[in-house]
Amino acid sequence: MKSFFQILSFCLLVLILFPLAGIAQNKTQAVLGLKEGGEWEWVTKSNGTEQYEYKGGAFKPVTSLKVDKKHTDHSFDIQMEGPAWESDKVGYRIYLDWRNAIDIFGKKTDKPVLHKVGLDGFDSYHEMSDWGVDVLKVGSSLGLGSIAFWDGEKANRVAKTDSLFSSIKNLPTEAQVNIIYSGWETGLNKLDLHTQLSIKQGSYFTKYDLNLSKELPNLATGIVKLPNTKIISPEGKKGEWNYFATFGIQTLQDDYLGMAIFFKTDDLIAKTADKYSHVLVLKPEGKKLTYYFGAVWEHDASGIKTEEAFVEFLEKEKEKLTK
């Protein structure tokens, strides 16, 4: 007969291993990493820019963080420069600085990988690896699906805020990234913006939920303008979902990439553009807005290399949203 201590040891082992087994089976993941053990230094970059930079230390996983006032682009204090999220199909990240743009990770595996990305060299994800690579050049554009305010001439990203707070949540079949932008200066007014980015297992698309503290007309999103691409923009029907997309050789590696935004036709004010981006101007319902964005890469599970295959893929996604 087993002793009390043998039974207790077995029960403790089950309690330890069962949650770990659950994590291993997850096909979605949100990641947030912050450097610890180093210190801030005022530096002059190679391009002449003077700013703070975090020297030394190592990235540690966290579930939330308030962005340091000294943080800006290439400060090296936040892993991948902001929270990242992935499904078994694709990965994304968003910069927690004045750029506030969304980037794409093309994946060649269905396993979660982003918790390891950027640890062995801050921007090593720009080099092709067994798991995949950062495929998009965002620059001054909206990248894919980033938030902005349309001033009539250009899309102004969420560049000036009083503070930024981000948190992540990992559920069994869904990953979530939450960001609170306090005191966003739109140029029209100043407001708070609460957002949630979420992706489900098996999906290429991120759901973007926005909640404003004040009503704001002309909220915008869009897709980076790149050469050698085809715009796909079908007419939508009232009361339904529709999409705006681009397809072509448009990755940093000269691969085929398709990018798309799904929006409610009733929310659309205008399709337009500025110097850097194709822009969708959208009207929130009261103080809320929801849209989806996603990408497929020729080396991911979709294997899409033609415009026809991409359109077929988008039409199926549209049907899912409609249902």
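User: Is F205 buried or exposed?
Analyst: The model is a predicted one. Buried residues are those under 20% relative accessible area. The relative accessible area of F205 is 7%, so this residue counts as buried.

User: How are the planes of the rings of F205 and F262 arranged?
Analyst: The centres of the two rings, F205 and F262, are 5.3 Å apart. Planes over 60 degrees apart count as edge-to-face. The planes of F205 and F262 stand at 75 degrees, so the pair is edge-to-face.

User: How many residues apart in sequence are the parts that F205 and F262 tie together?
Analyst: F262 is itself buried, with a relative accessible area of 1%. F205 belongs to strand β14 (residues 205-212) and F262 to strand β18 (residues 256-264), so their pair ties together parts of the chain whose separation in sequence is 57 residues.

User: Which parts of the chain does the pair of W40 and Y52 link?
Analyst: The ring centres of W40 and Y52 are 6.5 Å apart and the planes are at 90 degrees, so this pair is edge-to-face. The two residues are 12 residues apart, and the distant parts they link are strand β2 (residues 33-44), which holds W40, and strand β3 (residues 50-61), which holds Y52.

User: Which ring has the charged end of R99 over it?
Analyst: A charge counts as sitting over a ring when, among other conditions, it is within 6 Å of the ring centre. The charged end of K35 sits over the ring of F59, 5.2 Å from its centre. For R99, the distance from the ring centre is 3.8 Å, and the ring is that of Y95.

User: What is the volume of the largest pocket?
Analyst: The largest pocket is lined by 20 residues, and Q29, A30, V31, H115 and N170 lie nearest its centre. The lining divides into 11 nonpolar, 7 polar and 2 charged residues. The volume of the largest pocket is about 390 Å³.

User: How far apart in space are L257 and A295, C-alpha to C-alpha?
Analyst: L257 is found in strand β18, and at a relative accessible area of 0% it is buried. L257 and A295 are 38 residues apart in sequence, while their C-alpha to C-alpha distance is 7.0 Å.

User: Is E81 buried or exposed?
Analyst: E81 is placed in the loop between β4 (64-66) and β5 (84-86). Its phi is near 65 degrees, a positive value in a residue other than glycine. The relative accessibility of E81 is 4%, so E81 counts as buried.

User: Is N228 buried or exposed?
Analyst: N228 lies in the loop between β15 (219-224) and β16 (229-232), and its phi is near 60 degrees. With 67% relative accessibility, N228 counts as exposed.

How values were computed:
Residues are numbered from 1 along each chain as its sequence is written. This is a predicted model: local features need pLDDT of at least 70, side-chain atom pairs count only at pLDDT 80 or more; totals for chains, interfaces and linings use all residues. Side-chain values use heavy atoms; hydrogens and water are left out. Rings of Phe, Tyr and Trp (its six-membered ring) pair if their centres lie within 6.5 Å; planes under 30 degrees apart count as stacked, over 60 as edge-to-face and the rest as tilted. Helices (H or I, at least four residues) and strands (E, at least two) are DSSP runs, numbered from the N terminus. Buried means under 20% relative accessible area, exposed over 50%, partly exposed in between (1.4 Å probe, protein chains only). A charge sits over a ring if NZ of Lys or CZ of Arg is within 6 Å of the ring centre and within 35 degrees of the ring normal. On a 1 Å grid over the protein atoms alone, a cavity is a set of points where a 1.4 Å probe fits but cannot get out, and a pocket is an open set with protein on both sides within 12 Å along at least five of seven lines; lining residues have an atom within 4 Å of a point. Grid points are joined across faces, edges and corners, and a volume is the space filled by probe spheres set on the points. Ala, Val, Leu, Ile, Met, Phe, Trp, Tyr, Cys and Pro count as nonpolar, Asp, Glu, Lys and Arg as charged, and the others, Gly among them, as polar.
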